[in-house]
Amino acid sequence: MRPKVLSAPGPVSYPLIVSGKVELVFGKEGTEADAIADSLVSLMRRGLRAHYGALRGLLAVYPELRSPTAVWRRGSAADVLVRVAYKRLGTRDFELVYYEDLSEAQRLLAEGKVRSVVGSTAALNGLRLEDLLETLGVKVPSSCGLHIVKREAEDVIVSAYLEGIDKIKQDPVGTSETIAEALPIGRPPSFIERVLKSADLFLKKIDDYSDLEAEVRSVIV
């Protein structure tokens, strides 16, 4: 029987889709699975320990962090990490403007209604948000993570994830099409391919990230 992984329908799920070695269930609630895959921020908010860090470089700031800032979706990892960045900069009076579609953010930037945009590195050629945070003294080990619920399934899940990463690196175009077909939300293969090419693809054990967690919890609203 294949192990069951409950995953957010974002980039963290892509290697698992490609591997085809696990039963993948999309969702962000509950723990009825052998493992949980989500953004590192979301795992923290859910009170789940990330035993493995997965992927890095999914978010970028363009052209640099200045207020008002357009941020993808209230409550997202981008929202939380931007708040951490402003806190570390010592900026108390900042404004965040939320968008759902990048074209909306681009319009706001062009019209001068915002001075910076935070979103996917697949669409923004800017400074990686994790890199900005690290210059401010906040170490971000990864964008996403895996919480292992049942240790007996750990080796199979890790092996499947690494196999998926290898296949993506070998064939980013073909695997992007596979991912697009499997996702419950609409994402063009071309966008997925840009995500895969712009991010660092890895899975590795992570230990102490309590400093980041403390910063995240201090800004959650």
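Lys169 sits in helix α6, where helices are DSSP runs of H or I with at least four residues, strands are runs of E with at least two, and both are numbered from the N terminus. This is a predicted model, in which local features need pLDDT of at least 70 and side-chain atom pairs count only at pLDDT 80 or more, while totals for chains, interfaces and linings use all residues. Residues are numbered from 1 along each chain as its sequence is written, and side-chain values use heavy atoms, with hydrogens and water left out.

Back to Lys169: with a relative accessibility of 54%, this residue counts as exposed (buried is under 20% relative accessible area, exposed is over 50%, and partly exposed is in between, with a 1.4 Å probe and protein chains only). Lys169 and Lys4 are 165 residues apart in sequence, and their C-alpha atoms are 24 Å apart in space.

Helix α6 itself runs over residues 154-170, and its 17 residues should span 24 Å at 1.5 Å a residue (the expected span is 1.5 Å times one less than the number of residues). Which residues of α6 are buried? They are Glu154, Ile157, Val158, Ala160, Tyr161, Gly164, Ile165 and Ile168. These residues cover an arc of only 160 degrees around the axis, so they lie on the same side of α6; the arc is that of the directions from the helix axis to the C-beta atoms. Asp155 and Gln170, on the other side of α6, are exposed.

Next come helices α7 (residues 172-182) and α8 (residues 189-198). Two packed helices are described by the angle between their axes and the distance between the axes. Here α7 and α8 pack at about 120 degrees, with 8 Å between their axes (axes are lines fitted to C-alpha atoms, for helices over the stretch in contact, and angles run from 0 to 180 degrees between N-to-C directions). That angle makes α7 oblique to α8, given that under 35 degrees counts as roughly parallel, over 145 as roughly antiparallel, 65 to 115 as roughly perpendicular and the rest as oblique. The crossing of α7 and α8 is right-handed, meaning that the near helix is turned clockwise from the far one by less than a right angle, with anticlockwise giving a left-handed crossing.

Two other helices hold buried residues. Ala85, in helix α3 (residues 77-89), is buried with a relative accessible area of 0%. The C-alpha atoms of Ala85 and Glu134 are separated by 9.5 Å, although the two residues are 49 apart along the chain. Ser42, in helix α2 (residues 40-45), is also buried, at 16%.

Now for the backbone. Most residues other than glycine have a negative phi, and most peptide bonds are trans.

Positive phi values turn up at Leu55, near 65 degrees, and at Arg73, about 60 degrees. Leu55 belongs to strand β4 (residues 52-56) and is buried at 3% relative accessibility. Arg73 lies in the loop between β6 and α3 and counts as partly exposed, at 37%.
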